[in-house]
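Thanks for coming. I will go through a few computed features and give the cut-offs as they come up.

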There are 6 protein chains.
Amino acid sequence: MDAKKFENIVNDLSDLKKYESLYHFAKNEEPLPSIENLTTIVEDIKKVLFPGFFGQSELKEETINYYIGTKLDVINRSLAEQIRRGFCFSCNKSDLNCIDCEKRSKEISDQFISNIPKIKSLLATDVIAAFNGDPAAKNYGETIFCYPSIVAITYYRIAHELLELGVELIPRIISEMSHSKTGIDIHPGATIGEYFFIDHGTGVVIGETTIIGKNVRIYQGVTLGAKSFPLDENGKPIKGIARHPIIEDEVTIYSNATILGRITIGEGATIGGNQWVTEAVVAKTKVN
Amino acid sequence: MDAKKFENIVNDLSDLKKYESLYHFAKNEEPLPSIENLTTIVEDIKKVLFPGFFGQSELKEETINYYIGTKLDVINRSLAEQIRRGFCFSCNKSDLNCIDCEKRSKEISDQFISNIPKIKSLLATDVIAAFNGDPAAKNYGETIFCYPSIVAITYYRIAHELLELGVELIPRIISEMSHSKTGIDIHPGATIGEYFFIDHGTGVVIGETTIIGKNVRIYQGVTLGAKSFPLDENGKPIKGIARHPIIEDEVTIYSNATILGRITIGEGATIGGNQWVTEAVVAKTKVN
Amino acid sequence: MDAKKFENIVNDLSDLKKYESLYHFAKNEEPLPSIENLTTIVEDIKKVLFPGFFGQSELKEETINYYIGTKLDVINRSLAEQIRRGFCFSCNKSDLNCIDCEKRSKEISDQFISNIPKIKSLLATDVIAAFNGDPAAKNYGETIFCYPSIVAITYYRIAHELLELGVELIPRIISEMSHSKTGIDIHPGATIGEYFFIDHGTGVVIGETTIIGKNVRIYQGVTLGAKSFPLDENGKPIKGIARHPIIEDEVTIYSNATILGRITIGEGATIGGNQWVTEAVVAKTKVN
Amino acid sequence: MDAKKFENIVNDLSDLKKYESLYHFAKNEEPLPSIENLTTIVEDIKKVLFPGFFGQSELKEETINYYIGTKLDVINRSLAEQIRRGFCFSCNKSDLNCIDCEKRSKEISDQFISNIPKIKSLLATDVIAAFNGDPAAKNYGETIFCYPSIVAITYYRIAHELLELGVELIPRIISEMSHSKTGIDIHPGATIGEYFFIDHGTGVVIGETTIIGKNVRIYQGVTLGAKSFPLDENGKPIKGIARHPIIEDEVTIYSNATILGRITIGEGATIGGNQWVTEAVVAKTKVN
Amino acid sequence: MDAKKFENIVNDLSDLKKYESLYHFAKNEEPLPSIENLTTIVEDIKKVLFPGFFGQSELKEETINYYIGTKLDVINRSLAEQIRRGFCFSCNKSDLNCIDCEKRSKEISDQFISNIPKIKSLLATDVIAAFNGDPAAKNYGETIFCYPSIVAITYYRIAHELLELGVELIPRIISEMSHSKTGIDIHPGATIGEYFFIDHGTGVVIGETTIIGKNVRIYQGVTLGAKSFPLDENGKPIKGIARHPIIEDEVTIYSNATILGRITIGEGATIGGNQWVTEAVVAKTKVN
Amino acid sequence: MDAKKFENIVNDLSDLKKYESLYHFAKNEEPLPSIENLTTIVEDIKKVLFPGFFGQSELKEETINYYIGTKLDVINRSLAEQIRRGFCFSCNKSDLNCIDCEKRSKEISDQFISNIPKIKSLLATDVIAAFNGDPAAKNYGETIFCYPSIVAITYYRIAHELLELGVELIPRIISEMSHSKTGIDIHPGATIGEYFFIDHGTGVVIGETTIIGKNVRIYQGVTLGAKSFPLDENGKPIKGIARHPIIEDEVTIYSNATILGRITIGEGATIGGNQWVTEAVVAKTKVN
């Protein structure tokens, strides 16, 4: 290519004003969260949650605590760093106080570490739900080792915990990792109770303000979405309004059903496959 | 974090009794099947099935047999090792006889190698089906090189063969690899005839006991599922019952159709998009 | 395994005549396009399109042009090589003129580089559409960094540009990379206007001859497909006929709707979730 | 190349009888020790010996024990495996008892782990010797981090310990790793006391039966070699005879000096640069 | 191994007081300089010094400046980070001021970048010297591409420049990288003029306070060392005293010669192989 | 750094005229030989020369020919490519005929493949020499697996063969790889007979025109060099003159001996350690 023409293209593409929304300039020289590092962090958390299944597979009772301790310390450090980068990404203040931000990142990471046992307890129920929910499952271990449901719920429970602790950006990155792997799209803002199982899973969408109780089972292609969302005076969507369904305990939702809006599906109800539901469903009823 | 608090978290997470179902302790010091090694094995099998497309792309007629021979020997050795690990994973006997198990693993791997030509013959028909089934396809090579249908069927035919030979766990791992890549979820237990084509494919689910004839074509979002599954006296699903459809030869099933239960879709029938089918369909009819 | 038996299997699998359609012999000793190299090329193009988000995250205004210039030069060289391999793959002429082919590959790559600013301008509108279309989005950067919609549209716009320039095979490879990551299957032949947004996205299919206007928004599971396709005298599909919908400006299509055939969805129309549409829709109407 | 000619070359090179001494056939299907794994093992041992210098550089007092415990357990397991392979390499018995061999390998590895504190104590003296011996050294840490002397002695002390425990082949592999890195060739059979320092080091040779006392300092190019070695009735060298020098405490040997044969260099002696010494040297004298 | 015994070993090896000199605790949470990163930095500097030889080998005149600019910016940033770590490593002050230290690191890195053209000019003379000094050399490019002399001098000139700018630890790390690759040990403190050539090189030692003029040529095994070094009242060597030779312009020193002490080898002198020189040599004389 | 200043440094370093000898511009767009690829080629040749020792360590008699055939084909192809690059590097003709050059490269590579059995036969003698020459050697396998002598001779025999076949640049690259690993510097132009052994080896130099007979054994630090080399009318060394020693059969040369000039060391002679020899030595005599 002609050298001058090449230079013009370079200059066009380097023109910060022309494509303003497409550039990210590091604030305070802080890079973006690293997708590669976050991938490692999530994989390390999985090693702590399901010892013997991922990574170090020759676990022994006598030495397991050394492995757990090392992994937790590594996770704690890396996560604090990524949390800080997430804050930097979203930071708009000209008077930002980076030292406080670093301290807060470490505190959040410490708090996350403290909450891993809670996540582990929840996942123990999800593993049982997967085994019980699928006649093809041979044992608990098989569901941990290769079920997309367990992948999706593990990522969700981690991302949700981080969101609850006030972490920016990272929960969404983690949920999209899981979405890409499994085809299951669970927004980290959703609330999901224990013993949750998704069979097959591809195409499942669970929106930001969804609330799901205990012992809920859903199948591939199920949408728990918003019916519509109100716009502000500029025609932009108003952020953060509760707009997704409430699914009570013991509900089953079969494949490709769509449930839209802030409606309640009552305890023990069953929603048939392909159903389109935009109004509340009474407890223990079936929608076919 | 406070050192004592950290130690408490470590101890909690190292407590084998507390989260019993979430740990895997290697039996007989044998690690779990390696997802990384299985990935390599499947990629190597693909190099043997479709020479020149994957890996070594500068194939020559004079030397092809050296490459095929080397790959087969490598596959045979690695696969025997993984098969053995799969048996260890599922092994419950206290009186397990590891030497017999190792011998059996090698025999199964040998048998699998012997069956690769059969798999190759079947895939040759699937490639033709993909080319004929998609007006956008330019040539056979394009379908081999980048169609998710060919990815999914290749993984399925490998996994199914291993399952037929009595291999534990690994068939499911391979089918989930394919599911993650393509959004197509074919249980390795399903039986699928020659000339099979899935267009687009995301969201397709083909259940464990499904039987599919020859020349069948399906589209994205199709479910061949179970209508319900009987529970045992403890409320647990009974494993292994035939509960998915029988699809006879020459059937076409359009996008997002759902076919549930042990019903037969007769030869040459056509199921329209979005249809919900729970009863048998007579041969050569159309369901719209 | 018995050495003789092993040799027989090797010979069977090396038999070029037996499985003719499954082999690729390099023409003119030219290997196939490399999926690994194409992955790097697309990642490099993303670094140029969204500076600071991917790869080099500590961008400074003073040095950005060096990075852009280097990346463009690397892309230009690698892409020309891959384009040439794509031509070789499809090449059938016995009298092929490789020197002209190499020259043409470089010219196409040069032309692609010249068109990157156009692609960048279009993507700037897609980023705004994603932010405005999702109440859960916090800022433009978040959509660039982790929305599958932006992944899918970026890959599509690159693949479409290459297809327009006459590149063989590679556009389809790039679209399948995106399909695998996101579950969104956009054929590079489709035409898509500015401000395009796909929410969640898993299961979306946009066929080869689809035409989409400006400000169109679609949701997960939407199919813009062919109703049927005519066969030639040999019963093979006739390639290249316009057979997918035309979606005019300002249209919204909700989740899992299916629109089939060369029909027009008029400007500003709304298609409800789960709808099955095979006839034209008048502008500004709603289909529920 | 002509296919037949190529086949002939392949057959010649595959002819086991023709080049018998150049083939290694795994005994009992056991591969050779892995240089890659041994490299990792030695690097891991260095992380335990010099915490904070190699690998995990952000050490904290509260968590150091988790890291040490994990590394030791990993080393123990990998080393046992490599020790076993070393025995297999040297194994000539037709009636070999592999189970005993595996057990012995684990016991040796356990014993090595138990002796790491002893190695660490010795190396602590070598670090002080390096700092005191080189006016250019700034602090202890610098010698640990980048002095070839410390590299060579660390590898030596590990290899020597393994040799003492009866390990086959591996000590020599480790000593050649060090030789390649530093140009210092210390046979693992040599005996070397505390506070040992080699300045610059390239070209140093310390033979198999050398005995070195405490506080010895040597410079580049020094040879502690054999003067000659007796042959057996077949004209082959008799293995294992004491044939290298004894260097007593507090000796200094300057650059390129050569000391040959089973002679004693008495306590506190100094050997000048380039000296050729083949007879015993009295304590506290200087050879110039 | 017995769990309690294992724990005791872990505790022994984690005992900070017991092996005090062998631990490195990060000051201010700052890790040690990374040998891996420094390796990359030096390789990148080589790409800037010898464009087209290392890394990007398809250089074009029209785009070279983009590559140089990008590499320099990458080097500048990475180097500043490593310089800072080097300061942290050596930092003893309890009242350390990290912000000033970071600023100083950046200034030094900027200064180093400014001095690269000077280094490049010197190396251009060394390349000519290598070509003229070795009858076996075919062209300049061959010496750049594979002569250990050019490797050693390049590393030395980089390390020396960094030492001159006050950088801690890193110059020694770089010189030991070169020592390990080439067997040539040049202390970064030495001063070496233009047109310097070392033939073969293994075993060469050039001490910290050596001064070498222009057009000097030396061969393998040459030592430019200290004769002795004075000890302080504690018997420790006094650091930093001029104790190595001064080699004036046009001197040639043949293989394995040893020159010790702060003596001057006069302009144009020749030192024969294996010579042992501890007294000044008059200009234009030969020592045989 | 100030942006303008930075730009000036970039421009200076991009100034092709200023540092002319330091740039390599690819001729005919052909990159330099790749050190990475050559490393792989040499490692692959070692796998063919010493089956079971390097790489595939679980060799079986039944399948060895597939591995040898595949490796040879891979080597042949990669080597032809590197040979061509070597010619491009040295190519000065403006009317270069690249098609002939490519053809010649392939022919040379074919010829090299044909000569591998000859190299293998020679190395079989070197392995025996190493075992017989070192009382510390336990078996043939140990010398193959970890003796620097075998590394150096293997690289030398490969490089020498390539040089004999007229390959440019690559023989020197290979010999420097070996020099860096072992400290043994053998010019590929030297001629070395069978049963050659170098003990320890660091610092050995064997010059370009050296001729070595059969059953020769040398020790560390031995130089077989040029005494001086004649200059042409411009004061540049005349290339290619025979200037290194001839060492006849059965000669032993002990450590650090130096033999300079085109002199003959007669059959069966012994040269003592540290000797400086510049005149011919009569057969069967000892120089001490």
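Helix 7 of chain C is followed by a glycine, Gly183(C), with a positive phi, near 75°. Helices here are DSSP runs of H or I with at least four residues, strands are runs of E with at least two, and both are numbered from the N terminus.

Two notes on conventions. This is a predicted model, so local features need pLDDT of at least 70 and side-chain atom pairs count only at pLDDT 80 or more, while totals for chains, interfaces and linings use all residues. Residues are numbered from 1 along each chain as its sequence is written, and chains are lettered from A and ligands numbered from 1 in the order in which they are written.

Back to helix 7 of chain C. It has 13 residues, and from its first C-alpha to its last it reaches 18 Å, close to the 18 Å expected at 1.5 Å a residue; the expected span is 1.5 Å times one less than the number of residues. Of those 13 residues, 10 are buried, so the helix is largely enclosed by the rest of the structure. Buried means 20 or more other C-beta atoms within 10 Å of the residue's own, exposed means 12 or fewer, and partly exposed is in between, with C-beta atoms placed from the backbone. Among the buried ones are Ile170(C), Arg172(C), Glu176(C) and His179(C).

Helix 7 of chain C also supplies at least two residues to the side of chain C that touches chain A, as do helices 2, 3, 4 and 5 of chain C. That contact takes 47 residues from chain C and 44 residues from chain A. Contact means that the C-beta atoms of two residues, placed from the backbone, lie within 7 Å. Which helix of chain C gives the most to this side? Helix 4 of chain C does, with 11 residues. By class, the side of chain C has 22 nonpolar, 18 polar and seven charged residues. Nonpolar covers Ala, Val, Leu, Ile, Met, Phe, Trp, Tyr, Cys and Pro; charged covers Asp, Glu, Lys and Arg; the others, Gly among them, are polar.

Chain C and chain D do not touch, and their nearest C-alpha atoms are 15 Å apart.

Now chain A. The axes of helix 2 (residues 35–49) and helix 7 (residues 170–182) of chain A come within 11 Å and cross at roughly 75°. Axes are lines fitted to C-alpha atoms, for helices over the stretch in contact, and angles run from 0 to 180 degrees between N-to-C directions. The two helices of chain A are therefore roughly perpendicular, the term for 65 to 115 degrees; under 35 is roughly parallel, over 145 roughly antiparallel, and the rest oblique. Helix 2 of chain A contributes Ile35(A), Leu38(A), Thr39(A) and Val42(A), and helix 7 of chain A contributes Ile170(A), Ile173(A), Ile174(A) and Met177(A). That gives seven nonpolar, one polar and no charged residues.

Last, backbone angles in chain F. Most residues other than glycine have a negative phi. Tyr195(F), in the loop between strand 2 and strand 3 of chain F, has a positive phi of about 55°. With 21 C-beta neighbours inside 10 Å, Tyr195(F) counts as buried. Glu250(F), in the loop between strand 8 and strand 9 of chain F, has a positive phi near 65°. Glu250(F) is partly exposed, with 18 other C-beta atoms within 10 Å.
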